[in-house]
Amino acid sequence: MLLCDREYGQFAAEGLLRELRGTKVCGAYQKIIPLVYDRQRIQEILQVMRSSSAKVVVVFSAEVEMIPLMRDYIKQNITGIQWIASEAWVTASVFTGSKYYPYLGGTIGLGIRKGHIPRLSDYLLTVNPQTYPNDLLFEELWEALYGCRPSISSSSSVPLCTGQEPLLEQHSAFMNTSSPRVAYNVYKAVYAIAHSLHNLLVCQPKPGPFKNDTCVQNNNVQPWQLQYYLQEVRFKIAGEEVDFDQKGDSIPYYDIISWQMGVDGKIKFVNVGLFDGSKPPGKELVIQEDRIVWAGHQREVPVSICSASCLPGTRKAIRKEVP
């Protein structure tokens, strides 16, 4: 198991190991990917991966930490690893080039469920730095897309531009709204807040949900009061139910994504199943196994063992790296 050196990786690893207790799944090692590139630590990780009999590697990390690791991984020509990707990098377009397929082809993982946002593409075509002159995000976006600054007040040293430059073919990564994932989650979150605010504003006292059966003062809404309504909200969007449990967590929906070779030799993301947390226990996970392509362009499920000495029904202690 590899994890980034931050809370995301540590909590995810702890959660996975907790779920694996009492199963026949073993963990051979646990290594931390440094946030800042450290050649010696990366080489140590790669040496463990190369020498271990465990060939399935679960990675909880963002793509930014994965990039230098994969660069050295490819340089050393390590193959035969079955990668299990966390949602933070399972749809990382930076790894879709044809040079990555021999090393990352067959990767599988859970991705944030994609969805459709009506009219988003049309809206994006209408906005530019002149539409929102005080929004620093547009200045940053224009510098990334065009290499120029739309505002004379910007402290950047790049050339000045009009802020009305046309979108070009190479900007498709920013404009592709056909099946967004993170943006779709934000879309649902905005609707959840809107529904919560609506319920808060139409509250009728006696019985209201707060002290002495009162409602919220509309001109003095506190965050904890909105949080109450947010946890109570329930609505449907694009046929998907959105609500929250008693802990404040939303119902989990994930696509199961397989990294396969496209006709152009590049990696494409193929949906091979889904996890629907709204289904009854035991029915949440659906996998189309015949559509999965594993590492090495194989159709057979890969074999991975902690060590040759492990007997059936036993598991080896994890070699854990201390940060």
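The legends below describe close-up views of a predicted model.

**View A. Packing of helix H8 against helix H9.** Helix H8, spanning residues 182-201, packs on helix H9, spanning residues 223-232, at an angle of about 110 degrees and with the two axes 8 Å apart. Because angles of 65 to 115 degrees count as roughly perpendicular, H8 and H9 are described here as roughly perpendicular to each other. H8 contributes Ala192, Ile193, Ser196, Leu197, Asn199 and Leu200 to the contact, while H9 contributes Gln225, Leu226, Tyr229 and Leu230. Sorted by class, the residues of this contact are seven nonpolar and three polar, with no charged residues.

View B. When its neighbours within four places in sequence are left aside, Ser196 is in contact with Leu226, Tyr229, Leu230 and Val233.

**View C. The buried and exposed sides of helix H6.** In helix H6, which covers residues 136-146, the residues Phe138, Glu139, Trp142, Leu145 and Tyr146 are buried. These residues cover an arc of only 135 degrees around the axis, so they lie on the same side of H6. The face of H6 that is turned away from this buried side carries Leu136, Leu137, Glu140 and Ala144, which are exposed.

**View D. The two ends of helix H6.** At the start of H6, a side-chain oxygen of Asp135 comes to within 2.9 Å of the backbone nitrogen of Leu137. Gly147, which follows H6, has a positive phi, near 70 degrees.

How values were computed
Residues numbered from 1 in each chain as written. Predicted model: local features only at pLDDT ≥ 70, side-chain atom pairs only at ≥ 80, totals over all residues. Heavy atoms only, no water. Axes fitted to C-alpha atoms, helices over the stretch in contact; angles between N-to-C directions. Helix = DSSP H or I, 4+ residues; strand = E, 2+ residues; numbered from the N terminus. Parallel < 35°, antiparallel > 145°, perpendicular 65-115°, else oblique. Contact = heavy atoms within 4.5 Å. Nonpolar A, V, L, I, M, F, W, Y, C, P; charged D, E, K, R; others polar. Buried < 20%, exposed > 50% of the residue type's maximum accessible area, 1.4 Å probe, protein only. Arc of directions from axis to C-beta. Polar contact = N/O pair within 3.5 Å; in protein donor to acceptor, adjacent residues only side chain to side chain.
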